Amino acid sequence: MTVSRSPADPEELRGLLSGDARRIAPRLLGSVLSHNSHEGTVAVRITEVEAYMGPGDSLHPDPGSHTFRGPTARNAPMFGAAGHLYVYFTYGMHYCANIVCGPPGMASAVLLRAGEVVEGEHLAAVRRPTSKSALDLASGPARLATALALTTADSGRDALSEPFGLRLPEIPAADVSSGPRVGVSGDGGSAGYPWRFWLPGDPTVSRYKAAKSRPAKFQSR
């Protein structure tokens with residue numbers, strides 16, 4: 001297991017996250033995101049992520065990103081300061097959580113696709129009663145958000161300060177795999193956007209699934 005260090009100065013960490021999401025994403029592998037609530041604390045070691053960039057008229061257009069068609073009330077956090085959460089609701093039933101990257105005004109984020117619960121396993125299991133083992137408590141973006149009790153009410157909140165915390169690994173992962181993003185249709189889900197990164201061999205990494213064909217207006221994640 002990759003060991004995570006104690007939290008760095010939040011602004012130092014924010015500075016690191018203010019870079020290119022495609023370079024930050026693999027750096028987040030092995031990091032630990034925690035959420036302290038009235039129910040207790042759950043912490044997840046991140047094992048799989050995806051980078052997402054900006055609008056079609058930006059320096060780094062990304063047809064798979066929620067920001068591709070420009071700013072909206074929902075995607076506004078992606079245009080904000082690095083280190084904040086962008087949480088969205090999808091398929092009418094699931095929440096998915098991202099860490100915002102890049103400088104303010106230049107939309108990008110890293111989707112937290114999968115992880116291992118390293119603290120608060122019992123509480124995570126209460127939140128995820130359909131899980132068959134500890135390994136699938138946070139294996140997949142919706143499961144990860146549920147285990148951490150993240151909803152759209154948390155979108156825009158600072159992941160680097162209480163009740164949240166983010167700890168980077170002491171040493172970046174030496175072995176990282178990359179490939180097309182999961183469930184993204186159109187160009188954004190093609191081999192031309194190999195912006196999914198994961199720790200090879202880790203049992204919590206979700207299975208790859210190509211996107212099903214959907215109407216054009218739903219082609220972004």
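Accessible area here comes from the Shrake-Rupley method with a 1.4 Å probe. By that method, the protein chain in this predicted model exposes about 10,000 Å², and carbon and sulfur atoms supply 56% of it.

Overall fold, then. The protein chain has 4 helices and 8 strands, and along the sequence they run α-α-β-β-β-β-β-α-α-β-β-β. The C-alpha trace spans about 45 × 40 × 35 Å along its principal axes. The radius of gyration is 16 Å, which agrees with the value near 17 Å that a compact globule of 221 residues would have. Of those 221 residues, 51% are buried. If you take contacts between residues at least 6 apart in sequence, 63% of them join residues at least 24 apart.

Now the inside. The largest nonpolar core has 41 residues, and L17, V44 and V49 have the most contacts within it. Strand β2, residues 40-52, gives the most to this core, with 5 residues. A separate core of 11 residues lies apart from it, and includes M78, Y86, Y88 and V184.

Is E48 buried or exposed? E48 counts as buried, because its relative accessibility is 0% and the cut-off for buried is under 20%. What does its side chain pair with? The E48 side chain makes a polar contact with the side chain of R196, at 2.6 Å. Leaving aside neighbours within four places, the contacts of E48 also include L29, L111, R113, F197, W198 and V205.

Definitions and conventions. Residues numbered from 1 in each chain as written. Predicted model: local features only at pLDDT ≥ 70, side-chain atom pairs only at ≥ 80, totals over all residues. Heavy atoms only, no water. Core = buried A, V, L, I, M, F, W, Y, C linked by side-chain atoms within 4.5 Å. Buried < 20%, exposed > 50% of the residue type's maximum accessible area, 1.4 Å probe, protein only. Helix = DSSP H or I, 4+ residues; strand = E, 2+ residues; numbered from the N terminus. Polar contact = N/O pair within 3.5 Å; in protein donor to acceptor, adjacent residues only side chain to side chain. Contact = heavy atoms within 4.5 Å. Rg over C-alpha atoms; globule rule 2.2 N^0.38 Å.
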